[in-house]
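Please keep the sequence and the coordinates at hand while reading.

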Amino acid sequence: MIKFKKCTLEDLKELQDISILTFTDTFKDQNTEENLQAYLQQAYSDDQLMSELNNINSAFYFLKNNDETVGYIKLNIKDAQSEGILPTALELERIYITPAHKRQGYGRQLIAYAEKRAKELACTDIWLGVWKFNTDALAFYERMGYEKIGEHSFLWVKMSRQMT
């Protein structure tokens with residue numbers, strides 16, 4: 001049975017574990033071990049994740065299949081967005097599937113859930129940033145109806161889809 005679970009501070013360790021697993025799986029081949037470890041220690045430290053979990057304008061959601069966590073998303077609104085694209089937009093900051101569960105339709109379910117939350121929050125748009133060399137992700141987002149709307153200096157491509 002598929003379900004979404006909003007993460008709380010009680011989920012910190014699981015969130016940390018899945019974040020490190022999925023980020024490493026996605027980006028280990030494009031980074032040195034030293035750079036990867038430095039990023040993981042900064043981005044997924046207890047303090048960093050607690051701060052993000054406590055932000056009222058951010059939310060993490062686990063995607064569970066029969067109580068097994070197969071992926072997660074992080075959604076931001078208002079001032080929690082990493083860039084001020086649109087004040088009425090929802091940012092899909094993170095979307096990750098565990099390596100064992102890729103290419104099974106879970107990414108589509110996470111996108112659909114993010115779009116549902118955007119509508120519930122009366123957001124006019126949903127946007128995300130993606131590394132321009134992550135060709136699999138770029139192709140997936142384009143298949144989902146997202147369009148490139150710009151770039152910024154860290155070589156991430158911003159994509160957006162208007163909510164109807």
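What percentage of the 164 residues of the chain count as buried? In this predicted model, the buried share comes to 46% of the 164 residues.

## Fold and dimensions

The chain contains five helices and seven strands, and, read from the N terminus, these elements follow one another in the order β-α-α-α-β-β-β-α-β-α-β-β. Among contacts between residues at least 6 apart in sequence, 61% join residues that are at least 24 apart.

The radius of gyration of the chain is 15 Å, which agrees with a compact globule, because a globule of 164 residues would have a value near 15 Å. Along the principal axes, the C-alpha atoms fill a box of roughly 40 × 35 × 30 Å.

## Nonpolar cores

The largest nonpolar core has 28 residues, and those with the most contacts inside it are Ile73, Leu92, Ile111 and Tyr141. Two or more residues each come from strand 2 (58–65), strand 3 (68–77), strand 4 (89–97), strand 5 (125–131), helix 4 (106–120) and helix 5 (135–143), and helix 4 gives the most, with six residues.

Apart from this core lies another, of 17 residues, which includes Leu12, Leu36, Tyr44 and Phe62.

Definitions and conventions
Residues are numbered from 1 along each chain as its sequence is written. This is a predicted model: local features need pLDDT of at least 70, side-chain atom pairs count only at pLDDT 80 or more; totals for chains, interfaces and linings use all residues. Side-chain values use heavy atoms; hydrogens and water are left out. Helices (H or I, at least four residues) and strands (E, at least two) are DSSP runs, numbered from the N terminus. The radius of gyration is taken over C-alpha atoms; the globule rule is 2.2 Å times the number of residues to the power 0.38. Buried means under 20% relative accessible area, exposed over 50%, partly exposed in between (1.4 Å probe, protein chains only). Contact means heavy atoms within 4.5 Å. A nonpolar core is a set of buried Ala, Val, Leu, Ile, Met, Phe, Trp, Tyr and Cys residues joined through side-chain atoms within 4.5 Å.
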